[in-house]
Amino acid sequence: MNKIGIDLGGTKIEGILLNENFEKIERKRIPTNQDQGYDSILNSISELIQDLRTKSNVETSIGICTPGVLSKNTGLIKNSNTQCLIGKPLKTDLEKILEQKISMENDANCFTLAEATLGAGKNFDIVFGVIIGTGVGGGIAVRKNIHTGRTNIAGEWGHHCIRPDGNQCYCGKSGCLETYISGPALERHWAKLTYKTEPLQEIVKKLDSETGKRWKEDFIENFALGLANVIDILDPDAIVLGGGVSNIDFLYDEGKNAVYEKVFSDQIDTPILKNELGDSSGVLPM
Ligand SMILES: [Zn+2]
């Protein structure tokens with residue numbers, strides 16, 4: 001049986017068709033068009049899958065990773081930064097359209113499992129996988145199995161509070177890590193300091209200025225606070241970073257050192273590693 005993997009992201013939907021030996025037959029990427037709402041996303045995903053199915057001469061299994069998770073109570077999507085998905089029966093709706101059972105998992109969990117099995121975390125027992133992109137997510141792999149938790153939220157470090165009186169978050173709480181270190185949050189902070197709207201790729205070229213230094217300091221402080229909290233609780237064997245923001249090099253030296261300074265331990269050497277399978281390794285149907 002061939003496998004179709006779909007990675008539903010905030011800005012793009014990526015699909016891959018693999019044969020049973022995990023060799024690529026076809027890969028395709030389309031925009032998410034979040035602003036057009038749930039029905040539009042539902043149609044885009046099903047068209048992408050139907051398109052990939054026509055490229056396969058045998059039956060295919062289908063796995064989808066999404067922002068957010070399925071509620072164990074209702075089967076509806078919860079905790080998604082693609083907010084038009086919240087409260088929607090995405091899995092059931094897709095199964096109806098495609099007339100086939102599918103499996104669905106949180107995108108950070110998919111990323112973590114892929115990296116823990118084939119990527120930067122493959123030589124470690126306990127891997128904390130992190131996605132810092134449009135949102136901030138995380139997943140915990142224990143000996144190459146995902147620990148989802150009692151209510152499917154294990155690893156959701158993006159919504160742990162680092163400042164009780166801090167930024168308002170879409171989730172209803174204040175001070176969530178995501179409101180400080182996601183790509184859009186970093187761009188907002190830059191705009192606040194400089195009164196200029198610029199993309200992250202441009203911002204990181206300007207860090208020698210006084211404002212640039214301040215922005216970087218704030219970023220590292222928040223990043224370090226977030227990850228040190230995780231290490232204090234989970235003490236993983238390795239941390240693997242993914243998502244667009246993970247391409248920023250200083251996270252792996254200055255960022256790492258700042259994390260170590262905050263951890264409650266006399267001896268700390270937790271590897272903080274860049275993903276090896278690329279930003280969108282979550283697409284791999286593991
Ligand atoms: Zn939040």
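Trainee: At roughly what angle do the axes of helix α1 and helix α2 cross?

Mentor: This is a predicted model, so the values are computed from its coordinates. Helix α1 covers residues 38-54 and helix α2 covers residues 90-98. Their axes come within 10 Å, and the crossing angle is roughly 45°.

Trainee: How are α1 and α2 oriented to each other, and what is the hand of their crossing?

Mentor: An angle under 35 degrees would count as roughly parallel, and 65 to 115 as roughly perpendicular. The crossing at roughly 45° therefore makes α1 and α2 oblique to each other. The hand of the crossing is right-handed.

Trainee: Which residues of α2 does α1 meet, and how many residues of the contact are nonpolar?

Mentor: From α1 the contact takes Tyr-38, Leu-42, Ile-45, Ser-46, Ile-49, Gln-50 and Arg-53. They meet Leu-90, Asp-93, Leu-94, Ile-97 and Leu-98 in α2. By class there are 2 polar and 2 charged residues, and the nonpolar ones number 8.

Trainee: How far apart are the axes of α7 and α8, and how is α7 oriented to α8?

Mentor: Helix α7 (residues 210-234) and helix α8 (residues 254-262) have axes 8 Å apart. Their packing angle is about 50°. That makes the orientation of α7 to α8 oblique.

Trainee: How many charged residues does the contact of α7 with α8 have?

Mentor: The α7 side includes Lys-216, Glu-221 and Asp-232, and the α8 side includes Glu-254 and Lys-262. Besides 9 nonpolar residues and 1 polar residue, the contact has charged residues numbering 5.

Trainee: α7 also packs on α5; at what angle, and with which hand?

Mentor: The axes of α5 and α7 are 10 Å apart, at an angle of about 145°. Residues in this contact include Trp-190 of α5 and Trp-215 of α7. The contact divides into 5 nonpolar, 4 polar and 2 charged residues. The angle is about 145°, and the crossing is right-handed.

Trainee: Turning to the largest pocket, what is its volume, and which residues lie nearest its centre?

Mentor: The volume of the largest pocket is about 870 Å³. Its lining has 39 residues. Those nearest the centre are Ile-131, Gly-133, Thr-134, Gly-243 and Gly-244.

Trainee: Which element gives the largest share of the lining of the largest pocket?

Mentor: By class, the lining has 10 nonpolar, 20 polar and 9 charged residues. The elements that give two or more residues are β1, β2, α3, β9, α5 and α6. The largest share is 3 residues, and it comes from α5.

Key
Residues are numbered from 1 along each chain as its sequence is written. This is a predicted model: local features need pLDDT of at least 70, side-chain atom pairs count only at pLDDT 80 or more; totals for chains, interfaces and linings use all residues. Side-chain values use heavy atoms; hydrogens and water are left out. Axes are lines fitted to C-alpha atoms, for helices over the stretch in contact, and angles run from 0 to 180 degrees between N-to-C directions. Helices (H or I, at least four residues) and strands (E, at least two) are DSSP runs, numbered from the N terminus. Angles under 35 degrees count as roughly parallel, over 145 as roughly antiparallel, 65 to 115 as roughly perpendicular and the rest as oblique. Contact means heavy atoms within 4.5 Å. Ala, Val, Leu, Ile, Met, Phe, Trp, Tyr, Cys and Pro count as nonpolar, Asp, Glu, Lys and Arg as charged, and the others, Gly among them, as polar. On a 1 Å grid over the protein atoms alone, a cavity is a set of points where a 1.4 Å probe fits but cannot get out, and a pocket is an open set with protein on both sides within 12 Å along at least five of seven lines; lining residues have an atom within 4 Å of a point. Grid points are joined across faces, edges and corners, and a volume is the space filled by probe spheres set on the points. A crossing is left-handed if the near helix is turned anticlockwise from the far one by less than a right angle, and right-handed if clockwise.
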